[in-house]
Amino acid sequence: MRRKMVRIGVALFALYCGFKAVPVERASSGDTTSTSIRYVALGDSIAYGYGLEDREEQSYVSLIRKHLEKKYDSVIVSNFGSNGMRSDELIDILTNPENDLYRKYRATIKYADIVTLSIGSNDLLHLIKLDMNIETMIENGEEMFRDACRGFQKNFPKIIQEIRMINPDVKIYADNIYNPAKGLTAFDDVYDVAEYYISLMNRCFYESRDYQLVDVKGCFDKEKDSMVNVSWKGREIDPHPSVEGHRKIAGMVIKEMER
């Protein structure tokens, strides 16, 4: 009876954390063992896969999962990507016991082997209005842009530190911030403004043993074609990565994993 209750408790905990009740390693026939790996994706709508027709198949999180499935018998993925998430909101989830997601995030990260992180874009890019006169945007938004950069400079190290405190052994792969107006000639003025502040934001992605930087900005800059979804509605674009953009991100993360 005691063993039965323990198994039930483990199963309920795994369900709460978003995991299937699969052991990390279990014996099978002969000398063969079956292995599993736990992967947690944290961050914003880029991690979520917003703008894709089939995010379960096309997002970089899903592509990383498919890669891991070639190497492990069981891959357990929890995608916590959330549309519109800012860095201060993620910190609150990780550190505030009163937050409804606090226990779920921390319990899941605690048992993760890999964490990918996509955060920071919403701190800044929601301030950039593509349909606004560029001079007006600079005049009215400069201090807000600088405040966003300063805030992220404080928040990003806290996020990494908190993940490390929850799970000292987890491998963390953090994407920096790309310029969504890259390669779109209709938005050359916006590109220049965005480039300046995105460069300030990306200074926060310092070299550290605590995580591995995934230079999405550098990768997208090298591409001739835009890596974002272009949706022409007046002067609006969807700033999220296209299918090809997600392939690029997944490829970079996988490359870092293989080092």
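**Overall fold, a helix pair and a buried asparagine**

The secondary structure of the protein chain comprises 11 helices and six strands. The model described here is a predicted one. Of the 259 residues in the chain, 49% are buried. The chain exposes about 14,000 Å² in total, and carbon and sulfur atoms contribute 48% of that area. Contacts between residues at least 6 apart in sequence were also examined, and 74% of them join residues at least 24 apart.

Turning to a pair of helices, H5 spans residues 87-95 and H6 spans residues 102-110. The two pack at an angle of about 80°, and their axes lie 7 Å apart. Because angles of 65 to 115 degrees count as roughly perpendicular, H5 and H6 are therefore described as roughly perpendicular to each other. On the H5 side, the contact is formed by Leu 90, Ile 93, Leu 94 and Thr 95, which meet Tyr 102, Tyr 105, Arg 106 and Ile 109 of H6. Sorted by class, this contact of H5 with H6 holds six nonpolar residues, one polar residue and one charged residue.

Asn 155 is located in helix H8, which covers residues 134-166. Is Asn 155 buried or exposed? Its relative accessibility is 14%, so Asn 155 counts as buried, the cut-off for burial being under 20%. Once neighbours within four places in sequence are left aside, the residues in contact with Asn 155 are Ser 87, Asp 88, Ile 91 and Asp 123.

Methods
Residues numbered from 1 in each chain as written. Predicted model: local features only at pLDDT ≥ 70, side-chain atom pairs only at ≥ 80, totals over all residues. Heavy atoms only, no water. Axes fitted to C-alpha atoms, helices over the stretch in contact; angles between N-to-C directions. Helix = DSSP H or I, 4+ residues; strand = E, 2+ residues; numbered from the N terminus. Parallel < 35°, antiparallel > 145°, perpendicular 65-115°, else oblique. Contact = heavy atoms within 4.5 Å. Nonpolar A, V, L, I, M, F, W, Y, C, P; charged D, E, K, R; others polar. Buried < 20%, exposed > 50% of the residue type's maximum accessible area, 1.4 Å probe, protein only. Areas by Shrake-Rupley, 256 points an atom, 1.4 Å probe, with all protein chains shown as cover.
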